[in-house]
Amino acid sequence: MSDSATPKGAAGLRADDVTPEAPKKRPMAGLAGWVDDRTGTAKPVSYLLKKVFPDHWSFMLGEIAMFSLVIVLVTGVFLTFWFVPSSHQVLYNGSYVPLKGIEMSEAFKSTVDISFDVRGGLIMRQIHHWSALMFIAAIIVHMFRVFFTGAFRKPREINWVIGTILSLLAINEGFAGYSLPDDLLSGTGLRAAEGFMQSIPVLGSYVAFFVFGGAFPGEAIIPRLYTVHVLLLPAIIIGLFTAHIVLVAVHKHTQYPGPGRTNDNVVGFPFMPVYMAKAGGFLFIVFGITTLISALVTINPIWMYGPYNPSPVTAGSQPDWYMGFADGALRLFPGFTEFHALGFTLSLNVFIPALVVMPLLYTIAGAYPFIEAWVTGDKREHHLLDRPRNAPTRTGLGIMALSFYLILFIAAGNDLIAIKLGLSINDITRSLQVMLIVVPPLAYWVTKRICLSLQRRDRDLVLHGRETGRLVRTAEGKFFEAHEPLPALERWALVQHETPQPLRLKATVDANGVRRRGTRRERLRARISGFYFAEGVHAVTPAELAAASHDGTAHEAITPSREWVGQLHGGADERPETDAYASHEPEVEATDPTTGR
Amino acid sequence: MNEDGDEPTEAEVSQPGTAVRLDQGHIEGSGGIPERFTNPGPAPHVHRLADRDERAARRAEIQVATLFGISMVATVVFLVAYFAIDLHRYAFVPGIGQANLSNVVLGVSLGLSLLCIGLGAVHWAKTLMPDTEVAEDRHPQRSSDESRIEAADTILAGGTASQLARRPLIKYTLGGALGLFALPLVVQLAGSLGPLPKADLSTTFWRKGLRLMRYPEFTPIKASDVTIGSVFHVMPEGIQKTPDPLEQEGKAAVLLMRLDPSDILSAKERDWGHDGIVAYSMICTHVGCPVGLYEQQTHHLLCPCHQSTFDVTRDAKVIFGPANRPLPQLKISVDADNYLVADAPFLEPVGPSFWERG
């Protein structure tokens with residue numbers, strides 16, 4: 001490695017590294033010894049404690065989801081002690097005056113009681129709701145982090161699928177949860193859900209009657225949702241979450257590329273003590289911040305909505321935000337897709353957006369790693385993350401999906417937008433319908449161009465170094481801006497990636513001279529591969545750097561030299577290593593453009 | 001990656017004989033230049049202040065201890081506030097307005113108690129715990145060939161030992177038994193979840209002669225009470241006394257409006273109404289939300305859930321939004337006392353579509 005790549009004195013710093021005193025070796029005794037005698041856990045425990053985790057802020061997104069899950073479970077258990085999952089109608093006579101004497105379900109009454117008559121009940125309820133929102137938000141952002149960095153590649157495809165299922169379960173768990181208080185808003189959501197079920201071809205009315213135990217609303221749905229919300233879905237979520245974490249440990253965490261980080265190692269800090277403190281501390285930080293938000297920002301004030309009754313409704317009825325995309329799909333899907341024939345009704349205007357869009361989006365998401373693996377034909381394990389710009393097509397597809405999701409999400413608020421901005425709801429809805437079709441491909445294209453440009457910028461930086469902002473004038477009066485080559489440590493992140501090449505069809509003429517066109521499958525694969533990789537921008541190779549240094553006819557050239565701190569740039573004339581401007585202080589520095597000084 | 005050779009020295013890179021022109025496109029190594037850059041190895045460790053200066057380390061220690069101390073104080077505040085603050089006391093909180101004092105104090109103290117533990121632990125880790133990165137080797141996920149063969153052998157040997165392949169009678173009966181055993185569970189669950197819908201989705205409480213009642217007061221409405229431009233939320237007489245009022249009201253809710261008869265463009269609508277008074281089902285034909293928003297100038301009904309818009313001058317036809325069918329109209333007239341009554345039940349199912357509705 002060249003001197004310029006290693007900052008001076010680094011070796012010295014390494015020399016006086018403080019090595020902590022190794023504690024005396026002693027055998028396990030006491031309780032730990034007693035446990036190990038019976039379980040033999042000393043070895044796995046020490047393995048886990050020494051496990052190395054890499055550090056990056058984006059790895060905290062999954063942690064936020066994990067800790068929010070813990071918080072939501074703890075506060076959820078608290079709430080079960082006071083909540084009564086019953087649709088039985090009672091008269092309210094608690095301490096919240098505006099509702100006195102009003103008929104409501106026991107579910108609603110007990111939720112109001114938790115909010116007003118149980119000490120600390122409101123804070124627990126609000127922490128529960130806020131951390132549930134945090135859980136889902138963190139899952140979504142975590143998913144995008146994993147997607148854009150290519151962390152789903154082999155060997156992590158299974159974990160991606162588990163994560164996808166977890167995120168789908170999480171939003172349904174959320175829906176079940178906010179439906180439980182049986183308030184006017186959530187009841188309207190259940191009413192819509194019943195309408196969704198009715199739209200199922202052939203079986204719709206039966207499904208609706210089975211789920212609701214008869215006609216809507218009935219008395220069965222609240223207790224049933226309660227079982228789903230506190231037992232069924234949490235059990236599945238905890239099981240899958242455990243598998244998710246175990247697989248993270250088995251695979252060892254991915255890491256971003258950097259000096260010393262390879263596909264065959266993981267560089268970071270050991271669990272004991274660093275991550276014990278950092279991750280453990282982070283649990284408390286997430287819990288603390290969620291609690292502070294819950295103390296200061298009211299969420300879901302059901303006492304203001306009132307108890308559910310099927311005929312009144314509030315303007316601006318919307319589900320919790322994570323169901324927004326599905327609600328938006330319902331608002332955008334055109335009504336002419338309902339068909340009546342032969343005495344039957346096929347209500348695709350409800351069935352598709354309500355019951356097909358969500359599973360379809362999640363299936364595509366879950367299948368993505370397998371599609372990409374097939375397209376690349378790459379069977380290797382990948383533990384180094386991609387910088388999103390280095391996978392332009394994937395990043396473009398991700399932004400395309402994101403824009404599709406966001407437009408559906410915005411559509412769920414079309415009425416609010418119309419009111420706040422004083423626009424016509426019809427115009428907004430029509431525009432969103434058009435945007436849903438036009439924007440995602442556009443977003444794909446723009447993102448891919450941006451990624452390719454960023455890759456070219458990386459190349460430029462490596463080939464021509466960093467602008468120093470120092471102007472240099474030669475003896476002949478020419479001006480240069482001095483450039484500085486990147487130190488090897490910084491350069492590495494810009495040159496380490498591979499650029500996959502599109503797969504080509506195998507020889508079109510076989511050994512006997514007979515033309516073969518390749519199977520349809522092969523041709524499709526070659527075409528998709530071309531779509532993915534035809535426009536690859538390569539990482540700079542050493543040869544190219546050498547060429548950039550020496551080729552005087554190139555547009556820009558720099559002359560690397562171990563002696564030089566600053567580099568000349570922009571001149572057609574190559575300067576020898578002994579050039580005077582190699583010194584730290586150039587002879588002439590242009591300070592005043594008018595005088596040339 | 002990049003196991004090939006060492007980092008080229010600058011001298012190597014600069015060898016004039018190996019220079020390659022940039023306009024030759026993407027170039028990989030030639031003439032002794034490696035194809036790719038090699039990993040420069042870990043970056044030099046930069047010491048933190050607390051590693052070099054014991055006073056800085058001591059400061060960090062005090063900061064961590066202070067955070068833990070604040071946490072303890074906040075916990076005590078929570079415990080005191082839990083007992084001391086009246087549950088129904090409201091106070092002005094800056095930035096929020098009137099708020100339940102107990103909730104705010106309990107939440108803030110609990111939040112600080114938790115947050116300070118977290119901040120303290122992280123600060124401790126970042127300032128005082130080792131910050132020298134360590135590397136752990138990865139190994140391929142795949143088991144060794146021997147293990148894979150052994151596993152496959154074990155499974156095969158077990159299969160053979162059980163004589164499953166030799167005794168097809170067992171194989172097929174086992175398959176049959178396992179294939180069927182779940183059926184009772186499925187049938188019990190699916191069969192007992194709810195009753196069959198029968199005609200329930202197609203009928204409502206409305207019958208000929210039932211008075212239209214104001215909701216929720218349940219008082220009858222005289223035709224003269226309904227002025228042009230007014231709108232009434234209406235239920236059939238006696239519905240609140242049924243054993244399942246919520247289920248019945250969910251289907252029977254009706255919106256009553258009076259238009260200038262000359263504004264009504266549909267002859268059927270005019271016939272089914274009374275002197276410009278018309279009654280329409282309130283349950284949206286999209287997914288069943290109550291169509292609660294009436295715009296009296298345009299005579300449009302808007303569903304607040306998904307913005308389906310119905311034009312009351314044209315027999316509640318859908319003029320915008322995701323719904324497909326018009327709202328069903330209830331045929332009304334007046335009785336001897338001039339109160340509005342239903343002239344017939346709804347002639348088609350109300351509410352969202354379903355397969356067999358026709």
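Colleague: Which residue stands opposite B:Phe310 in β11(B)?

Modeller: B:Val318 does, and this is read from a predicted model, in which local features need pLDDT of at least 70, side-chain atom pairs count only at pLDDT 80 or more, and totals for chains, interfaces and linings use all residues. Residues are numbered from 1 along each chain as its sequence is written, while chains are lettered from A and ligands numbered from 1 in the order in which they are written.

Colleague: How many bridges join strand β10 of chain B to β11(B)?

Modeller: Two strands pair if DSSP finds at least two bridges between them, strands being DSSP runs of E with at least two residues and helices runs of H or I with at least four, both numbered from the N terminus. Here three bridges join β10 (residues 309-311) to β11(B), and the two run antiparallel. They belong to an open sheet of four strands in chain B, ordered β8-β9-β10-β11 with antiparallel pairing, whose edge strands, β8 (293-295) and β11 (317-320), each pair on one side only.

Colleague: Which strand of chain B pairs with strand β4 of chain A?

Modeller: Strand β4 (residues 265-270) of chain A pairs with strand β3 (residues 134-137) of chain B, in the antiparallel sense and over four bridges, and within β3(B) it is B:Glu136 that stands opposite A:Val266.

Colleague: At what angle do the axes of helix α15 and helix α17 of chain A cross?

Modeller: Axes are lines fitted to C-alpha atoms, for helices over the stretch in contact, and angles run from 0 to 180 degrees between N-to-C directions. The axes of α15 (residues 392-411) and α17 (residues 425-464) of chain A come within 8 Å and cross at roughly 150°; α15(A) and α17(A) are therefore roughly antiparallel, a term for angles over 145 degrees. Among the residues of α15(A) that meet α17(A) are A:Leu397 and A:Phe404, and those on the α17(A) side include A:Val439 and A:Tyr444.

Definitions and conventions
Angles under 35 degrees count as roughly parallel, over 145 as roughly antiparallel, 65 to 115 as roughly perpendicular and the rest as oblique. Two residues are in contact if their C-beta atoms, placed from the backbone, lie within 7 Å.
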